[in-house]
Amino acid sequence: MIEYREARITDLESLLRLCVMFHGESRWVDYELCLKKLSSFIVSFIEDSDRVVFVVDRDGVLVGCIFGELTSMFWSNDLSVYDRMWYVEPNHRGTLAGVRLLKSLINWSRARGAKEFFVGHSSGIARERLDLLLRRLGLDSVATLYGRVL
């Protein structure tokens, strides 16, 4: 059975596993991975009312997650939601798992009074595939991000 739900503190170890997998697939694989810092990050998203983590629970095993944060622009009190991490295990990509996670976060954003929702992509994971999916779901490209390894 597949369930889409908000994460609970009891999901911490499973979320750590997913985040480690994300790190291993990302362009940041050569960056140090600090599990203590990562644990604190996850806990803050579970406990803070302006943050949320949605998960895909397949028969008691988490196979995907999306982290979102409600915030205002530095020049306005209007609210927006940004994803901070969106990951689905490779063998569950191409299913509805990622789409339903994204829709859960969009619905949460609406319920929290956000004016706008943003999802970014800087990890390097399945870049072209993600771009097509986001456009199919009605999201528009509104920004460009450039980077350089130093």
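Predicted model: local features only at pLDDT ≥ 70, side-chain atom pairs only at ≥ 80, totals over all residues.
Let's start with the strands. There are 5 of them, forming an open sheet in the order S1-S2-S3-S4-S5, and the pairing is mixed. Strand S1 (2-6) and S5 sit at the edges, where each pairs on one side only. Going from one strand to the next, the twist averages 20°.

Take a look at S3 and S4: this pair runs in the antiparallel sense, with 9 bridges. To find a spot on this part of the sheet, look for Gly 68, which stands opposite Asp 83 in S4. H3 lies across S1, S2, S3, S4 and S5, and it runs at about 160° to S4.

The largest nonpolar core has 23 residues, and the ones touching the most other members are Trp 86, Leu 102, Leu 105 and Phe 117. Who supplies this core? Strand S2 (51-58), S3, S4, H3 and H4 each give at least two residues. H3 has the largest share, with 7 residues.

Apart from its neighbours within four places in sequence, Leu 102 is in contact with Ile 66, Trp 86, Phe 117, Val 119, Leu 134 and Leu 137. There's also a second, separate core: it has 19 residues, including Leu 12, Leu 15, Phe 45 and Val 53.

You'll find Ser 39 in helix H2 (residues 35-47). Is Ser 39 buried or exposed? Its relative accessibility is 18%, so Ser 39 counts as buried, the cut-off being under 20%. Not counting residues up to four places away in sequence, Ser 39 touches Leu 12 and Leu 16.

Helix H4 covers residues 127-136. Three of its leucines, Leu 130, Leu 133 and Leu 134, are buried. If you look down the axis of H4, its buried residues fall within an arc of 95°, so they line one face of the helix.

The face pointing away from the buried side carries the exposed residues Glu 128, Leu 132 and Arg 136. What covers the buried residues of H4? The cover includes S4 and H3. After H4 comes Gly 138, which has a positive phi, near 90°.

## Salt bridges

Side chains of opposite charge can pair when their charged atoms come close. Searching the whole structure turns up 10 salt bridges. One of them joins Glu 25 and Arg 93, with the closest N and O atoms 2.8 Å apart. Glu 25 is in helix H1 (residues 12-25), while Arg 93 is in the loop between strand S4 (79-88) and helix H3 (97-111), so this pair ties together parts that are 68 residues apart in sequence. Both ends are partly exposed: Glu 25 has a relative accessible area of 32%, and Arg 93 comes in at 25%.

Another salt bridge brings together the side chains of Asp 78 and Lys 115, at 3.2 Å from N to O. This pair also links distant parts of the chain, 37 residues apart: Asp 78 is in the loop between strand S3 (61-72) and S4, and Lys 115 is in the loop between H3 and strand S5 (116-118). Asp 78 is partly exposed at 38% relative accessible area, whereas Lys 115 is exposed at 65%. Asp 131 and Arg 135 meet in a salt bridge as well, again 3.2 Å from N to O. These two are 4 residues apart in H4, so about one helical turn separates them. Asp 131 is partly exposed at 36%, and Arg 135 is partly exposed at 47%. Finally, salt bridges with shared partners join Glu 3, Arg 5, Asp 11 and Asp 57 into one network.

## A stop at Ala 114

Ala 114 is in the loop between H3 and S5. Leaving out neighbours within four places in sequence, Ala 114 is in contact with Leu 70, Leu 79, Ser 80, Val 81 and Ser 109. Glu 89 is 25 residues away from Ala 114 along the chain, and their C-alpha atoms are separated by 29 Å.

Methods
Residues numbered from 1 in each chain as written. Heavy atoms only, no water. Salt bridge = Lys/Arg side-chain N within 4 Å of Asp/Glu carboxyl O. Buried < 20%, exposed > 50% of the residue type's maximum accessible area, 1.4 Å probe, protein only. Contact = heavy atoms within 4.5 Å. Arc of directions from axis to C-beta. Core = buried A, V, L, I, M, F, W, Y, C linked by side-chain atoms within 4.5 Å. Pairing = 2+ DSSP bridges. Axes fitted to C-alpha atoms, helices over the stretch in contact; angles between N-to-C directions.
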